[in-house]
Amino acid sequence: MAGEADVRTQIEPGLPMREMRVLKTLCLLAAVLLSGPLFAAGKCERLVATGNPEYPPYLWRDPQSPQHLIGANADLLALIGEQLGVKIEMLYTGPWSRAQDEVRTGRVDLLAGAFLTLPRLEYMDYVHPAFFNTPSVVWVRKGQGFPYSGWEDLRGRTGGTLVHNSFGQQFDAFAKANLNVEEVPSLIQAFQKLLLGRTDYVLYERYPGVALANTQGMLESLETLEPPISSEGLYLTLAHDSACNDPWLRGQLAKKMTELTAAGLPETLLQRNLERWKAQQLQAADVPPQKQEQSQ
């Protein structure tokens, strides 16, 4: 014990024991604060993301691994994760409504593509800037459209869309107050109801609608009305209740998204995945139905 006291005296001869402890504590605190980004960077080595599984070429289920989602959004997220040194896994968690619930509860960290609305701000942070700008349109039976020049022309008719789907804060508020729009779990179901005459129109994004209708042989029986009901930015979001949500991660995600969108990468990924989706559909068409059922 005497030796230990001698050592302390040599280090700081004029300080009492209590002040020495305070000094050590302050030094340790300073070290933690200075190394904050490093601790934050190492906090989560893996993030889980999900999204709308009926959203090609942005997102869809991987035919080779149905528990995962692939597409332009998934590729963009994978690249961001690679640059941050964080593994981001894109999981299929169910229909679009379920995917949003998984993020709301914090069971999933990221939502790979969502429009900005006030209700969603209550449970997730938006990463700026938006990486795509997506037009949403009114789908009708071919040759059986109705006079349409804007939102007001949808009044008095029955529409359809996906559960918990959004078309931007302004249109959502207008629809809630003035329109009759039925919500269903899947776009295919919404299109089926439209073709059977149970609804007058379907609200959905243009490009994913074309891609999915084409695979079901429905595209020739459908058409869209102009102008679009909205054209909204598509954002990456981070759940408030995610254990990985901290200032370092939010800042890094925003930085990388800014860099990649400025370089035009999202559009490149979109075109690449449009071709990927088409190739998969052609390949699936060549596979006998029995074999397709076995692979699912």
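Before the details, a word on how the values were made. The model is predicted, so local features are taken only where pLDDT is at least 70 and side-chain atom pairs count only at pLDDT 80 or more, whereas totals for chains, interfaces and linings use all residues. Residues are numbered from 1 along each chain as its sequence is written, and side-chain values use heavy atoms, with hydrogens and water left out.

Let me start with the whole protein. Its secondary structure comes to 12 helices and 11 strands, where helices (H or I, at least four residues) and strands (E, at least two) are DSSP runs numbered from the N terminus. Of the 296 residues, 45% are buried; buried here means under 20% relative accessible area, exposed means over 50%, and partly exposed lies in between, with a 1.4 Å probe and protein chains only. If we take contacts (heavy atoms within 4.5 Å) between residues at least 6 apart in sequence, 72% of them join residues at least 24 apart. The protein exposes about 15,400 Å², of which carbon and sulfur atoms supply 54%; these areas come from the Shrake-Rupley method with a 1.4 Å probe, and for residues only the protein chains shown count as cover.

Now to the interior. In soluble globular proteins, nonpolar side chains tend to be buried together. By a nonpolar core I mean a set of buried Ala, Val, Leu, Ile, Met, Phe, Trp, Tyr and Cys residues joined through side-chain atoms within 4.5 Å. The largest nonpolar core has 64 residues, and Leu110 and Leu253 are those with the most contacts inside it. Strand 7, residues 124–141, gives the most to this core, with 7 residues. Which residues does Leu253 contact, leaving aside its neighbours within four places in sequence? They are Ile80, Leu84, Leu110, Val127, Leu236 and Leu238.

Next, the disulfide. Taking a disulfide as a pair of cysteine sulfur atoms within 2.5 Å, the count comes to 1: Cys44 and Cys244, with their sulfur atoms 2.0 Å apart. Why is this disulfide called left-handed? Because the torsion about the S-S bond of Cys44 and Cys244 is about -95°. Cys44 lies in the loop between helix 3 (36–43) and strand 1 (46–50), and Cys244 in the loop between strand 11 (222–239) and helix 10 (247–262), so the pair ties together parts that are 200 residues apart in sequence. Cys44 counts as buried at 16% relative accessibility, and Cys244 is buried as well, at 6%.

Finally, the charged side chains. The structure holds 9 salt bridges, a salt bridge being a side-chain nitrogen of Lys or Arg within 4 Å of a carboxyl oxygen of Asp or Glu. One of them joins Arg46 and Glu89, whose closest N and O atoms are 2.5 Å apart. This pair links distant parts of the chain, with Arg46 in strand 1 and Glu89 in strand 5 (residues 87–90), 43 residues apart. Arg46 is partly exposed at 43% relative accessibility, whereas Glu89, at 18%, counts as buried.

Two further pairs sit within helices. Asp101 and Arg104 form a salt bridge with the closest N and O atoms 2.2 Å apart, and because they are 3 residues apart in helix 5 (residues 96–104), about one helical turn separates them. In helix 10, Glu259 and Lys256 are also separated by about one helical turn, being 3 residues apart, and their side chains meet in a salt bridge at 3.7 Å, N to O. Glu259 is partly exposed at 39% relative accessibility, while Lys256 is buried at 14%. Lastly, Arg98, Glu102 and Arg107 are linked in a network of salt bridges.
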